[in-house]
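The sequence and structure come next.

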Amino acid sequence: MKAVTGQAPETLEVVDVPDPQIEEPTDAIVRVTSTAICGSDLHLYGVLAPYLQSGDVLGHEAMGIVEEVGSETGDLAVGDRVVVPFNISCGHCWMCRRGLQSQCETTRVREQAKGAALFGYSSLYGSVPGGQAEYLRVPQAQYGPVRLPQTGTDERYLYLSDVLPTAWQAARYADVGDGDTVVVMGLGPIGQMTARSALQQGAERVIGVDLVDERLAMAAAHGMETVDVRTVDDLPSTIAEMTDGRGADRVVDAVGMEAHGNPVAERVIGATSRMPKPLARKAIETVGIDRLKVLHQCFDVVRRGGTVSLSGVYGGMADPMPLMKMFDKQVTVRMGRANVRRWTDELLEVVSREEDVFDVEGLATHRVPLADAPEAYRTFRDKADGCIKVVLTP
């Protein structure tokens with residue numbers, strides 16, 4: 001089968017790889033009908049490239065048709081249309097029963113001291129081949145795959161794999177409630193859906209912050225107020241002026257480790273990713289840093305007693321944090337990868353309505369064949385050609 005594979009930092013190839021096979025009784029094989037490029041994939045493309053082995057199959061946002069099932073996959077059947085959560089969880093361990101599927105103890109990657117295994121995310125998260133391919137082996141298929149209606153476009157359901165649950169959890173973790181003012185830092189796919197989720201969860205105002213014209217325009221078209229950071233000298237003062245001097249009730253960081261604004265850190269991170277892999281991995285795991293401008297701004301713009309929710313991925317082990325400010329402002333902070341299966345039932349009900357409540361079918365700006373994935377990655381990374389979200393068709 002054809003698959004998108006990592007070969008070296010910022011180097012991908014679509015090549016023939018062996019078709020996946022049933023390896024465990026709880027496995028299923030899915031023929032992929034749609035898959036997508038996620039912002040987290042760009043971390044592997046650059047910062048986390050030292051964890052890739054040449055030929056690793058990438059991608060963790062996928063859906064398709066069940067082609068084969070193992071003997072212990074419950075009532076999952078050949079022919080079912082499913083979307084596959086990006087984290088692999090069993091549904092029955094201590095963590096899963098408590099709604100912490102991203103910490104599943106059955107698939108936990110203990111050799112890296114990490115949580116649940118992820119599709120297409122290198123040795124860092126279990127070396128499980130990903131979904132940017134023609135076929136996907138799905139472990140823990142008795143629980144993970146979400147069965148879908150046979151009708152409706154793929155893009156009505158595809159984002160249940162990651163984008164929607166991640167965004168929904170980001171708003172939940174921010175404790176969004178009726179009448180709140182919410183600031184969303186970063187208006188990529190997660191930021192767009194976090195803003196829409198916050199409105200669905202009762203927010204009175206959502207202010208989106210970004211510096212890309214197309215992202216700002218998309219947010220404004222969906223009812224958000226926007227701040228273009230290129231046009232303001234002091235973001236915290238701007239947000240204060242918009243909120244009676246108090247600051248935002250809730251702030252969501254939807255950017256993560258590769259934020260703009262710290263060229264020194266950017267050079268250090270770039271140099272680390274190009275070191276010999278064993279040295280690079282050691283550096284990341286002991287003295288690794290992130291670009292933290294956006295994260296620190298979150299603590300500047302949140303009101304006293306407010307909440308900051310982190311959905312953007314961070315990987316630094318030596319990141320300085322403004323603890324005096326966080327403590328003095330009495331800020332609550334929540335973070336973590338999405339517990340996808342915790343949210344999929346309620347979100348499936350919403351996206352299955354006749355009205356496209358989240359406008360998921362309007363999120364993708366680029367739809368290309370799987371064969372064009374290497375170029376699409378570059379376009380997505382560079383935010384070129386108005387690119388906000390890429391969907392690949394095998």
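Two strands count as paired if DSSP finds at least two bridges between them. Helices (H or I, at least four residues) and strands (E, at least two) are DSSP runs, numbered from the N terminus. The model is predicted: local features need pLDDT of at least 70, and side-chain atom pairs count only at pLDDT 80 or more, while totals for chains, interfaces and linings use all residues. Residues are numbered from 1 along each chain as its sequence is written, and side-chain values use heavy atoms, with hydrogens and water left out.

**The sheet**

Three strands form an open sheet in the order β2-β1-β4, with antiparallel pairing. Strands β2 and β4 are the edges, each pairing on one side only. Six bridges join β1 and β2 in the antiparallel sense, and Val4 stands opposite Val14 in β2. Helix α13 packs on this sheet and touches β1 and β2 (contact means heavy atoms within 4.5 Å); the direction of α13 makes about 155° with that of β2. Such angles run from 0 to 180 degrees between N-to-C directions, and axes are lines fitted to C-alpha atoms, for helices over the stretch in contact.

| Element | Residues |
|---|---|
| Strand β1 | 2-8 |
| Strand β2 | 11-16 |
| Strand β4 | 56-57 |
| Helix α13 | 373-382 |

**Helices α4 and α5**

The axes of α4 (residues 163-173) and α5 (residues 189-200) come within 8 Å and cross at roughly 55°. That angle makes α4 oblique to α5; under 35 degrees counts as roughly parallel, over 145 as roughly antiparallel, 65 to 115 as roughly perpendicular and the rest as oblique. The contact involves, among others, Val163, Leu164 and Trp168 of α4 and Ile190, Met193 and Gln200 of α5. Its residues divide into ten nonpolar, four polar and no charged. Here Ala, Val, Leu, Ile, Met, Phe, Trp, Tyr, Cys and Pro count as nonpolar, Asp, Glu, Lys and Arg as charged, and the others, Gly among them, as polar.

Ten of the eleven residues of α4 are buried, so α4 is largely enclosed by the rest of the structure. Buried means under 20% relative accessible area, exposed over 50%, and partly exposed in between (1.4 Å probe, protein chains only). The buried residues of α4 include Pro165, Gln169 and Tyr173; as a group, the buried residues pack against α5, β12 (248-253), β13 (302-310), β14 (332-335) and α12 (340-351). Just after α4, Asp175 takes a positive phi of about 60°.

Within α5 lies Gln192, which is buried with a relative accessible area of 0%. Not counting residues up to four places away in sequence, Gln192 touches Leu187, Arg215, Met218, Ala219 and Leu363.
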